[in-house]
Amino acid sequence: MTYNIKLRRFKYEDAEALAYFCNDEDLQKYLLLSKLPYTIDDACDFIKYAKDCEESGGEQCFAITLDDNVIGCISYTVQSGCHCNSASVGYYIGKEYWNRGIMPVAVKNILEIIFQNTAINRVFAEIFAENTSSVRVLEKCGFVREGYLRNGVNKDGIVHDAILYALVR
Ligand SMILES: CC(C)(COP(=O)(O)OP(=O)(O)OC[C@H]1O[C@@H](n2cnc3c(N)ncnc32)[C@H](O)[C@@H]1OP(=O)(O)O)[C@@H](O)C(=O)NCCC(=O)NCCS
């Protein structure tokens with residue numbers, strides 16, 4: 001099945017949808033985001049952050065839409081100093097949309113945005129080793145596993161292994 005998935009910048013009107021999806025323990029499980037309950041005010045704060053970053057050149061955040069309805073978020077962050085040719089990516093969609101092949105479409109879209117608009121030639125993701133679903137997304141998009149980071153991530157005081165995936169231009 002082909003879905004009508006697009007990426008666009010966030011608007012404050014997206015706050016309600018964003019709060020609805022983010023207020024979910026399962027969605028946050030493998031994200032550094034750790035905020036429950038996640039309220040509409042939290043979503044507004046995030047949208048303000050996304051707008052500020054768009055101007056300052058920080059994390060570039062996009063709403064993922066399905067038939068023009070916001071269902072999630074995907075972002076890239078250009079690294080600094082001698083890593084300035086690299087960007088990290090991160091993403092989520094609401095639980096009711098999982099396992100339909102939607103995120104690989106969004107990841108391919110953001111790769112297109114990155115490679116068409118920047119000089120970035122390496123895109124990477126560092127994911128919780130237990131996040132099998134995200135491993136599949138990256139592999140389906142052509143990312144290559146580069147390393148296993150033992151004790152690589154600390155979420156709320158609990159240490160997890162992580163996996164480094166990357167794709168080069
Ligand atoms: C991870 C996430 C982005 C995946 O997006 P998605 O659109 O559901 O991804 P897909 O539908 O393409 O793929 C899911 C794949 O994982 C597999 N999968 C799902 N749960 C699984 C599990 N528990 N064990 C093994 N495989 C699993 C599915 O079978 C599918 O693989 P397939 O295409 O080979 O059949 C989505 O679940 C999500 O937003 N999760 C919460 C946030 C998050 O973890 N973000 C990633 C942080 S790096």
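Of the 21 residues around the ligand, those that come nearest are Y91, N99, G101, R136 and K140; a residue counts as near a molecule or strand if one of its heavy atoms lies within 4 Å of it. The model is a predicted one, in which local features need pLDDT of at least 70 and side-chain atom pairs count only at pLDDT 80 or more, while totals for chains, interfaces and linings use all residues. Residues are numbered from 1 along each chain as its sequence is written, and side-chain values use heavy atoms, with hydrogens and water left out.

**The ligand**

An oxygen atom of the ligand is 2.7 Å from an N or O atom in the side chain of R136. For the side chain of S133, the distance from a ligand oxygen atom to an N or O atom is 3.5 Å. R100 takes part through its backbone, where a polar atom is 3.2 Å from an oxygen atom of the ligand. The ligand taken alone exposes 960 Å², and the protein buries 73% of that; these accessible areas come from the Shrake-Rupley method with a 1.4 Å probe, and for residues only the protein chains shown count as cover.

**Helix 5**

Helix 5 spans residues 132–140, and its residues S134, V135, V137 and L138 are buried. Buried means under 20% relative accessible area, exposed means over 50%, and partly exposed lies in between (1.4 Å probe, protein chains only). Helices (H or I, at least four residues) and strands (E, at least two) are DSSP runs numbered from the N terminus. The four buried residues are on the same side of helix 5 because they cover an arc of only 160 degrees around the axis, the arc being that of the directions from the helix axis to the C-beta atoms. They pack against strand 4 (86–93), helix 4 (102–117), strand 5 (122–128) and strand 7 (158–168). After helix 5 comes G142, which has a positive phi near 90 degrees.

**Strands 6 and 7**

Strand 6 (residues 144–155) pairs with strand 7 in the antiparallel sense over 8 bridges; two strands pair if DSSP finds at least two bridges between them. G147 stands opposite L164 in strand 7. The hairpin of these strands has 2 residues between them, and D156 takes a positive phi near 55 degrees there.

| Residue | Partner | Polar contact |
|---|---|---|
| S75 | E59 | 2.6 Å |
| N85 | N121 | 2.7 Å |
| H160 | E130 | 2.8 Å |

S75 is found in strand 3 (residues 69–78) and is buried, with a relative accessible area of 6%. Not counting residues up to four places away in sequence, S75 touches E59, Q60, C61, S88, V89, G90 and I110, where contact means heavy atoms within 4.5 Å.

N85 is found in the loop between strand 3 and strand 4. N85 is partly exposed, at 31% relative accessible area. Leaving aside neighbours within four places in sequence, N85 is in contact with I120, N121 and R122.

H160 lies in strand 7 and counts as buried at 18% relative accessibility. Residues up to four places away in sequence aside, H160 touches F128, E130, N151, G152, V153 and K155.

Terms used. A polar contact is a pair of N or O atoms within 3.5 Å; within protein, one must be able to donate a hydrogen and the other to accept it, and residues adjacent in sequence count only if both atoms are side-chain atoms.
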